[in-house]
Amino acid sequence: VSHGFPGGEGVQVALTSEARVREAGAVPATIGIVDGALRVGLTEPDLKRFASAGDAARKAGARDLAACLVQGALGATTVGGTLAVCRLAGIRFMATGGTGGVHRGFATVPDVSADLPQIARTQALVVSSGVKSILDVAATTELLETLGVPVLGWRTRTLPMFYSAHGGPPVSAVVTGAAEAARLTAAHWLLNGPSGVLLTRPPDPALDIEPILAEAVDQVRDQGIRGQAVTPAVLELVHELSGGRSIEVNRQLIADNAGLAAEVAVAYAGQD
């Protein structure tokens, strides 16, 4: 809502996603930190505040939650930060656009998103359109395997590439329905305890912009941007270089992922 879309557009994406969750019969609970308080279920005024704040809102991973709380900050939680709150609140189903992972050029600058260990240690199903394709997707997939996180494909045999529907490594299993995904998730939790599952849904429509992504990553690296600032900077440049096409795909895939997460949550709740 704060860092993913320009000009405050994130608030409409959030409201549309919440509507999709309700349509599927589940309850949305968008998470953030507002004036030193954890909010599990942001109001529309809260969402508008996050959208208007933009980069002024702190990007809050799991390590940043305590500082945001104590210092009374406005904290826009990352996937990892959101999952840390999900553990406290007992929420087991989460939707996002794309997860973080191993950054390109890892051999030179060893940068790995804190999203991955949070997924591994949280008893939650995370629905996304794969790993953000600005990252090293193959290396991220290998690390998820090491961490014991199943990477499921929603009616696809290969990992979606965020903007692109295909082109990633093979997934660990294919699921074709919400009930099957719910049963598989329940079995994983029974066998592995508090461990995450990643369900990846191809974006529809998709957008093949690998040359643009590579150019954006190179430009951001040349500017000396590091750490948590990399992803927002690259996404902003991709939006610019794609003439806004990436924004449309991003907006749609987030809402679709929210709807799918809700469907699986409802199926899980209805199991005998």
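How many bridges join strand S7 to S8, and in which direction do the two strands run? Strand S7, residues 151-154, is joined to S8 by 3 bridges, and the two strands run parallel. The model discussed here is predicted.

## The open sheet

Strands S7 and S8 belong to an open sheet of 5 strands, whose order is S5-S6-S9-S7-S8 and whose pairing is parallel. Strand S5 (93-95) and strand S8 (173-175) form the edges, each pairing on one side only. On average, neighbouring strands of this sheet are turned by 25° against each other, direction ignored.

Strands of a sheet pair through backbone hydrogen bonds, in either a parallel or an antiparallel manner.

## Salt bridges

The structure contains 9 salt bridges. Side chains of opposite charge can pair when their charged atoms come close. One of these salt bridges is formed by the side chains of arginine 20 and aspartate 256, at 3.0 Å from N to O. This pair links distant parts of the chain, as arginine 20 is in helix H1 (residues 10-23) and aspartate 256 is in helix H10 (residues 245-269), 236 residues apart. Aspartate 256 has a relative accessible area of 8%, which is under 20%, and is therefore buried. Arginine 20, with a relative accessible area of 26%, is partly exposed.

Helix H10 also holds both glutamate 248 and arginine 251, which lie 3 residues apart, about one turn of the helix. Their side chains meet in a salt bridge of 2.9 Å, N to O. Glutamate 248 is partly exposed at 48% relative accessible area, and arginine 251 likewise counts as partly exposed, at 26% relative accessibility. A network of salt bridges links Glu9, Glu248 and Arg251. In a further salt bridge, aspartate 64 pairs with arginine 63, and the closest N and O atoms are 3.0 Å apart. Aspartate 64 is buried, with a relative accessible area of 15%, whereas arginine 63 is exposed, with a value of 68%.

## Packing of helices H8 and H9

Two packed helices are described by the angle between their axes and the distance between the axes. For helix H8 (residues 210-222) and helix H9 (residues 230-241), the axes come within 9 Å and cross at roughly 130°.

Residues of H8 in the contact include Ile212, Leu213, Ala216, Val217 and Val220, together with Glu215 and Gln219. On the side of H9, they meet Val230, Ala233, Val234, Leu237, Val238 and Leu241.

## Backbone features in loops

The loop between strand S9 (197-200) and H8 contains proline 205. The peptide bond leading from aspartate 204 to proline 205 is cis, with omega near 5°.

Aspartate 35 is located in the loop between strand S1 (31-34) and strand S2 (37-40), and counts as partly exposed at 48% relative accessibility. Arginine 155, also not a glycine, has a positive phi of about 60°. Arginine 155 lies in the loop between S7 and S8. At 56% relative accessibility, which is over 50%, arginine 155 therefore counts as exposed.

Methods. Residues are numbered from 1 along each chain as its sequence is written. This is a predicted model: local features need pLDDT of at least 70, side-chain atom pairs count only at pLDDT 80 or more; totals for chains, interfaces and linings use all residues. Side-chain values use heavy atoms; hydrogens and water are left out. Two strands pair if DSSP finds at least two bridges between them. Helices (H or I, at least four residues) and strands (E, at least two) are DSSP runs, numbered from the N terminus. Axes are lines fitted to C-alpha atoms, for helices over the stretch in contact, and angles run from 0 to 180 degrees between N-to-C directions. A salt bridge is a side-chain nitrogen of Lys or Arg within 4 Å of a carboxyl oxygen of Asp or Glu. Buried means under 20% relative accessible area, exposed over 50%, partly exposed in between (1.4 Å probe, protein chains only). Contact means heavy atoms within 4.5 Å.
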